[in-house]
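Open the model in your viewer and keep the sequence panel beside it. This tour moves from one selection to the next.

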Amino acid sequence: MPTPTLFVFLSHGLESGPGSTKIQAMKDAAEAFPGVTAIAIDHRSTRDPATRLAQMASAMEEAGADPGRTVLAGSSMGGWVCAQTSESTPVLGCFLLAPALAMEGYPQSSPNIRARFSQVIHGWRDDVVPVMPVLELARKQGLPTLVLPDGHRLENSVGRVVSEFQWFLEVCRSNLNEP
């Protein structure tokens, strides 16, 4: 079996799972690209952010993923996991949906996202993760951000989210061999 050209790790939110509509739609979109291995991590065994962070590191290590050929994609707490992972292990891409950033109760709640390519998508009507602190963090770090007329789960915007994710993966794939 040939070595994948790109790994995609998907991290779900606190009240969700690896089979959620968004995670599965993004996984399917990633797997449609040749040479992409997409892994939806199952974090349901814990609600602890630090444990979920360790699960992400373990999944990357077990897969033998080269961080320079890795895209992290996460929703809510999964977005925090991806952002925090990128701070300690810089990756090719970080795609964040309503990320639980700038929130009390999370260790290092405002991580420095270290990815060559990044994208934040949030909902104006998010009643779980306030949009304004996330926008401020994105502004400070110069992160591309899209805010949609939707709530925390972005359930009315799944098609748009998947389209944005496909475009994001295409950008990441086309820049794999560049420093």
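This is a predicted model: local features need pLDDT of at least 70, side-chain atom pairs count only at pLDDT 80 or more; totals for chains, interfaces and linings use all residues.

Stop 1: Show the strands. Six of them form an open sheet, paired in parallel, in the order β2-β1-β3-β4-β5-β6. Now select β2 (36-41) and β6 (145-148). These are the edge strands; each has a single partner, so one side of each has no neighbour in the sheet.

Stop 2: Select residues 115-123, which are strand β5. This strand runs parallel to β6, and four bridges join the two. Which residue of β6 is the bridge partner of I121? Pick L146 to see that partner.

**Stop 3: a helix across the sheet.** Select residues 21-31 for helix α1. The helix lies across β1 (6-11), β2, β3 (70-75) and β4 (91-97). Against β2, α1 runs at about 165°.

Stop 4: Move to α3, residues 77-88. Its twelve residues span 17 Å from first C-alpha to last, close to the expected 16 Å. Is α3 mostly covered or mostly open? Mostly covered: ten of the twelve residues are buried. Among them are M77, W80, V81 and S86. The cover over the buried residues includes β1, α2 (49-63), β3 and β4.

**Stop 5: S86.** Stay in α3 and zoom in on S86. Its relative accessible area is 0%, under the 20% cut-off, so S86 counts as buried. Its side chain reaches the backbone oxygen of A83 at 2.8 Å. Beyond residues up to four places away in sequence, S86 touches L72, V91, C94, N112, I113 and R114.

**Stop 6: the cores.** In soluble globular proteins, nonpolar side chains tend to be buried together. Here the largest nonpolar core has 29 residues. Select V8, M26, F95 and F165, which have the most contacts inside this core. At least two residues each come from β1, α1, β2, β3, β4, β5, β6 and α5 (158-174). The largest share, eight residues, is from α5.

Now centre on M26. Leaving aside neighbours within four places in sequence, M26 is in contact with L10, A73, F95, L97, V161, V162 and F165.

Notes: Residues are numbered from 1 along each chain as its sequence is written. Side-chain values use heavy atoms; hydrogens and water are left out. Two strands pair if DSSP finds at least two bridges between them. Contact means heavy atoms within 4.5 Å. Axes are lines fitted to C-alpha atoms, for helices over the stretch in contact, and angles run from 0 to 180 degrees between N-to-C directions. The expected span of a helix is 1.5 Å times one less than its number of residues. Buried means under 20% relative accessible area, exposed over 50%, partly exposed in between (1.4 Å probe, protein chains only). A polar contact is a pair of N or O atoms within 3.5 Å; within protein, one must be able to donate a hydrogen and the other to accept it, and residues adjacent in sequence count only if both atoms are side-chain atoms. A nonpolar core is a set of buried Ala, Val, Leu, Ile, Met, Phe, Trp, Tyr and Cys residues joined through side-chain atoms within 4.5 Å.
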